[in-house]
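Hi there,

Here is the structure I promised to pass on to you. Have a look at it first, and then read on for my notes.

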Amino acid sequence: MIKTFISITRNNYTDKEMTIDKIGTNAGAVWRILDASETPLTIKEIKKGTKISILNDVYLAIGWLAKEGKLVFGDEDKDFTVTLRK
């Protein structure tokens, strides 16, 4: 299988590459934490719950799930929130 790479050139990824497999793995972690939650979560809560250490990785995982149509986004008390589409 040919590995596909996304080059990220800002923040923590200067001169590094993130594999699609890693983004998919992180997307699975985000999905699980959202599935276990009874309420929408903020990005900070998702990062803490998944133990994904780099914020950009959380955003990439959320983007993956959003592209698949699995997320609903909200805005509660000035915080951006995410929940699974039911």
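**Threonine 50 and its surroundings**

A polar atom of the threonine 50 side chain lies 3.3 Å from the backbone oxygen of lysine 47. Please keep in mind that this is a predicted model. Threonine 50 belongs to helix H2, which covers residues 43-50. Is threonine 50 buried or exposed? Its relative accessibility is 14%, and buried means under 20%, so threonine 50 counts as buried. If we set aside residues up to four places away in sequence, threonine 50 touches Ala29, Val30 and Ile33.

**The protein as a whole**

Stepping back, the secondary structure comes to 3 helices and 5 strands. Read from the N terminus, the order of the elements is β-β-α-β-α-α-β-β. The protein has 86 residues, and 30% of them count as buried. As for contacts with a separation of 6 or more, 42% of them are between residues 24 or more positions apart.

**Where H1 meets H3**

The next thing to look at is the packing of two helices. Helix H1 (residues 20-36) packs against helix H3 (residues 55-67) with the axes 8 Å apart and at an angle of about 80°. Angles of 65 to 115 degrees count as roughly perpendicular, so H1 is roughly perpendicular to H3.

Which residues meet there? From H1 come Ile20, Ile23, Gly24, Asn26, Ala27, Val30 and Trp31, and from H3 come Asp57, Leu60, Ala61, Ile62, Trp64 and Leu65. Sorted by type, the residues of this contact are 10 nonpolar, 2 polar and 1 charged.

**Alanine 61**

Apart from neighbours within four places in sequence, alanine 61 is in contact with Ile23, Asn26, Ala27 and Val30. Val30 also turns up among the residues that threonine 50 touches. Alanine 29, another residue touched by threonine 50, is 32 residues from alanine 61 in sequence, and the two are 8.5 Å apart in space, C-alpha to C-alpha.

Best wishes

Conventions
Residues are numbered from 1 along each chain as its sequence is written. This is a predicted model: local features need pLDDT of at least 70, side-chain atom pairs count only at pLDDT 80 or more; totals for chains, interfaces and linings use all residues. Side-chain values use heavy atoms; hydrogens and water are left out. Helices (H or I, at least four residues) and strands (E, at least two) are DSSP runs, numbered from the N terminus. Buried means under 20% relative accessible area, exposed over 50%, partly exposed in between (1.4 Å probe, protein chains only). A polar contact is a pair of N or O atoms within 3.5 Å; within protein, one must be able to donate a hydrogen and the other to accept it, and residues adjacent in sequence count only if both atoms are side-chain atoms. Contact means heavy atoms within 4.5 Å. Axes are lines fitted to C-alpha atoms, for helices over the stretch in contact, and angles run from 0 to 180 degrees between N-to-C directions. Angles under 35 degrees count as roughly parallel, over 145 as roughly antiparallel, 65 to 115 as roughly perpendicular and the rest as oblique. Ala, Val, Leu, Ile, Met, Phe, Trp, Tyr, Cys and Pro count as nonpolar, Asp, Glu, Lys and Arg as charged, and the others, Gly among them, as polar.
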